[in-house]
Amino acid sequence: MLAAKTRKPRIRDAEATQKRILAAAKQEFAKKGLGGARVDDISARAKANKRMIYHYFDSKESLFQRVLEDAYVDIRTAEQKLELDHLAPKEALEKLVRFTFKYYLDNPEFLTMVNSENLHKARHLKKSKVVQDISRRLVAMVDTLLVRGVKEGMFRAGIDPVQLNITIAAIGYYYFTNRFTGAIIYERDLMSREALDTRLQFNIDTIMRLVCK
């Protein structure tokens, strides 16, 4: 009976420790990338013994992969919650473009971790079945949306859902990852409220002209 009583608190403590480690690792990796982040700093930020990080995640590389997987799961899960199937095709497409732009704005750490993973030639994502499986849902969701739009006479036929996903991501991704250099080159504050609203509307118009008849 005593073992049964103490097991649940121990499990809860372990889960809480892992969550703190993952949250701290996310901040460190987002700030410094895989190469710059140090396990000592993650340990201090998480208020967890360094030994526990290796106990739960084996290595810094494995911890980075887990944080990266969680980041992709978060955005893919949020996309599914948009429930685009319940909207008219044009409305659904605009909602997806708006969501993507706002997600990048609200989650800059996602962009920096993706940048870091690209520097490492996606060696962690290559090992992740989690990311492969959940990313297929996005392609399927957009493919279904395109098919509906074609059937209703709104969208052009023959649009590749993968290419469309890349374009929607790219026009938001580039804007935010180049916001500092862009502010110098184009001599404007790209992160002002007015600039963000203008850019979002431009993105929506661009995708609509690409897809709609």
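Helices here are DSSP runs of H or I with at least four residues, numbered from the N terminus. The views below come from a predicted model.

**View 1. The largest pocket and the residues around its centre.** Let's start with the largest pocket, whose volume is about 520 Å³. Its lining is made up of 19 residues, and those closest to the centre are Tyr72, Arg76, Leu138, Asn165 and Ala169.

**View 2. The helices that build the lining of the largest pocket.** H8 provides the largest share, with six residues. Sorted by class, the lining of this largest pocket holds 14 nonpolar residues, three polar ones and two charged ones.

**View 3. The second largest pocket and the residues around its centre.** Now we turn to the second largest pocket, with a volume of about 370 Å³. Tyr175, Tyr186, Arg188, Leu190 and Arg199 are the closest to its centre, out of 16 lining residues.

**View 4. The elements that build the lining of the second largest pocket.** Look for H8 again, joined by helix H9 (179-185) and helix H10 (193-211): these are the elements that contribute two or more residues to this lining. The largest share, four residues, belongs to H10. In the lining of the second largest pocket, eight residues are nonpolar, five are polar and three are charged.

Key: Residues are numbered from 1 along each chain as its sequence is written. This is a predicted model: local features need pLDDT of at least 70, side-chain atom pairs count only at pLDDT 80 or more; totals for chains, interfaces and linings use all residues. Side-chain values use heavy atoms; hydrogens and water are left out. On a 1 Å grid over the protein atoms alone, a cavity is a set of points where a 1.4 Å probe fits but cannot get out, and a pocket is an open set with protein on both sides within 12 Å along at least five of seven lines; lining residues have an atom within 4 Å of a point. Grid points are joined across faces, edges and corners, and a volume is the space filled by probe spheres set on the points. Ala, Val, Leu, Ile, Met, Phe, Trp, Tyr, Cys and Pro count as nonpolar, Asp, Glu, Lys and Arg as charged, and the others, Gly among them, as polar.
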